[in-house]
2 protein chains.
Amino acid sequence: MLNDRSLAVSQECANCPIKHRAVCARCDGNELERLEEIKYYRKFEAGQTVIWSGDRMDFVGSVVSGIASLTQTMEDGRTQMVGLLLPSDFVGRPGRGTAAYDVVATTDLVMCCFRKTPFEDLMSKTPHIAQRLLEMTLDELDAAREWMLVLGRKTAREKIASLLSIIARRNATSGGTGFKNTVVFDLPLTREAMADYLGLTLETVSRQISALKRDGVIELEGKRHVTIPDMYRLLEEAGDDADGGVFA
Amino acid sequence: MLNDRSLAVSQECANCPIKHRAVCARCDGNELERLEEIKYYRKFEAGQTVIWSGDRMDFVGSVVSGIASLTQTMEDGRTQMVGLLLPSDFVGRPGRGTAAYDVVATTDLVMCCFRKTPFEDLMSKTPHIAQRLLEMTLDELDAAREWMLVLGRKTAREKIASLLSIIARRNATSGGTGFKNTVVFDLPLTREAMADYLGLTLETVSRQISALKRDGVIELEGKRHVTIPDMYRLLEEAGDDADGGVFA
DNA sequence: ACCGCGTATTGATCTGGGTCAAAGTACTGC
DNA sequence: GCAGTACTTTGACCCAGATCAATACGCGGT
C-alpha cells in the first residue's frame, strides 16, 4: 500500500508530473526545483469523485497510480466516459478555470498535482513543458479518435475486444512464459464502467464477455482476473488490423 | 471564386496558419516573416483526397476555406469520420511523419500549408506557436469528447440535431431578421458524410431529417439549404442543456 | 428532350442490443 | 453462520436503427 512517506520523495513518482524527469533532462535544475515547490499529492479511494463538472479547478496534475475516468452526463442520466486516465496521464486544462467533466476514481488513486496558477506561470517561462504537454495532448486526441471509431462503427463484441486490448496494452502485469502472445491482467473497471466507456449497457457487456470466454478468446478467474491466451486473436476480434508488428 | 491572386497576399488569409496574426501580435516581425517564407497554398475540389492514411506527410497546415474531413476506415469498409475540419482548423501532427487518417475535401477546399521541417524548427524556437497549437489541440480534444457522447449515447434524432447545431454554430450565414433565434445555412455535407460523422447509415440520416422537417424543427429548401426557425428548439432536440446564454 | 449518374427519399423487413426481471456470487460487518 | 449490499450473470421480450430494394430528384452532357 502507498503511504505518505513513500510519496515524499519525487523518485517514487515514476509516472509523475508531465513526466518531469524527462522534461528536466533538457532543463536546468531551477525548473525542476520550481515544479517541486508547487507539487503536492492527493489520494482517493475507489468510487470517490475527484472533481465535478462545473466546479472550480485550481490544479492540474497527473495520475501516479490507479485509474480515473472522465465522464459526461446528460440531464436524463445517460452517461458516456470520454477519457480513461491511466498512470502518467494528465488531468486539467491549462487556461480553463472550471472542470468540463466529472473525474472519478475508478480504483484507489494517487494523483500528483500542481497548483494551477504557478504551473501556468512556469509553463509560459519554460517552453519544454508546453511542448511536452502538446505531445501528450496530441496523443490523447489520437486515442479519442480511435475511440470514436469504436463507438460509432464497432459491434458490441468488437467493442469489448477493443477495450480489453487497450487495457492489456497499458496494464499488462505479465507477458507469459518466454515468447508468447499471452497477456495477463486485472480488469480495473466494473461492468458498468466498461459499458459507460463503450456506449453499451452493462448487461450487454456481461453477455459479450461471457461469449468471448465461451469462444476461448479470453479466460477469466473470478470476475476480474483476465488471461488473453492469444493477443493476436483478440486484436482480430477487435476488428483492428493486427498491425503486423510484435505488440510487446 | 478564389484564384491564385487572391491568395498571394497573406491578408486574404483571414483564417490562416494557426492564426498567425494573433500569434504575431505577441511576436517580432522576424517570426511572421519566417512563417511567410515556408508558407504555400493548396486547392482541392470537392471529393478530392488531400492525403491517405499511411502516406508520408511533409506539411502541416490549416483550412482557409471549405470543409475537409478526417476519416478512419476498417478493412471491411466501415468508416467513421473522426474530425470535421472547418476554416481555421489545423491539420497535421508536428513530430509525426505519416498521416494517421484519410483527409478528404468535402467541399472545394483551400488550405494554407507549411513545410513540416521548417515549421517544426520555427516552433521549437518560438514558444508562442507551440502554446497556440496547444490551445487549438485542447479545443479539438474537447470537441472530440463532445462527439464521443453523441456517438455513444444519443439517439439518431438527437445525433442529427447535434450535428446541425454544430454546423449552424460555425457556419451560419445569417442570423435572421433582427433579434431572433433563426439560423440559415447551407449543409456542406452529403447524407453519406453525415452518416459517417454520426455512426449511422445514410437511410437513417435521411429519415430523421425528414422527421425533423415534418415536426417543424428545421425547414429545407432543396436538399441543402437549411433554416432553423428556433435554435433553442434544435438544441433541445439535440439533448444539450440549452446553455442559458444567447448563442449568437 | 432524353439519357446517365450521383444523390436522396421512402417502404418493408430483420436483428443487435436495449429493457425489464430474476437469480447468482462475493464481499463486509455483526 | 447470516444478513445486507454491491456487483454480475442470464433469460424473455421489444424496438431503434440496419439492411435490402425500389423509386425519385437534379444536373451536366449530347
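Colleague: Which residue is buried, with a relative accessible area of 11%?

Modeller: That is A:Ser88. Buried means under 20% relative accessible area, exposed over 50%, and partly exposed in between, using a 1.4 Å probe and protein chains only. A word on the source: this is a predicted model, where local features need pLDDT of at least 70, side-chain atom pairs count only at pLDDT 80 or more, and totals for chains, interfaces and linings use all residues. Residues are numbered from 1 along each chain as its sequence is written, chains are lettered from A and ligands numbered from 1 in the order in which they are written, and side-chain values use heavy atoms, leaving out hydrogens and water.

Colleague: Where does A:Ser88 lie?

Modeller: Helices (H or I, at least four residues) and strands (E, at least two) are DSSP runs, numbered from the N terminus. A:Ser88 sits in the loop between strand 5 (79–85) and strand 6 (90–91) of chain A. Its phi is near 90 degrees, a positive value in a residue other than glycine.

Colleague: How do I read a nonpolar core?

Modeller: In soluble globular proteins, nonpolar side chains tend to be buried together. A nonpolar core is a set of buried Ala, Val, Leu, Ile, Met, Phe, Trp, Tyr and Cys residues joined through side-chain atoms within 4.5 Å. Here the largest has 112 residues, and A:Phe185, A:Ile218, B:Phe185 and B:Ile218 touch the most other members. Apart from it lies another core, of 34 residues, including A:Phe119 and B:Leu122.

Colleague: How many residues of chain B are in contact with chain A?

Modeller: Contact means heavy atoms within 4.5 Å. By that rule, 46 residues of chain B meet 46 residues of chain A. Buried area is the accessible area (1.4 Å probe) that two parts lose on being put together, summed over both. The two chains bury about 4,100 Å² between them, 56% of it on carbon and sulfur atoms. B:Arg145, B:Met148 and B:Arg153 supply 20% of the area that chain B buries against chain A, more than any other three residues.

Colleague: Which residues come nearest to DNA strand D?

Modeller: A residue is near a strand if one of its heavy atoms lies within 4 Å of it. Of the 17 residues around DNA strand D, those coming nearest include A:Arg191 and A:Ser210. For A:Ser210, a polar side-chain atom is 2.8 Å from a phosphate oxygen. Helix 8 of chain A gives the most to this surface, with five residues.

Conventions:
Polar contact = N/O pair within 3.5 Å; in protein donor to acceptor, adjacent residues only side chain to side chain.
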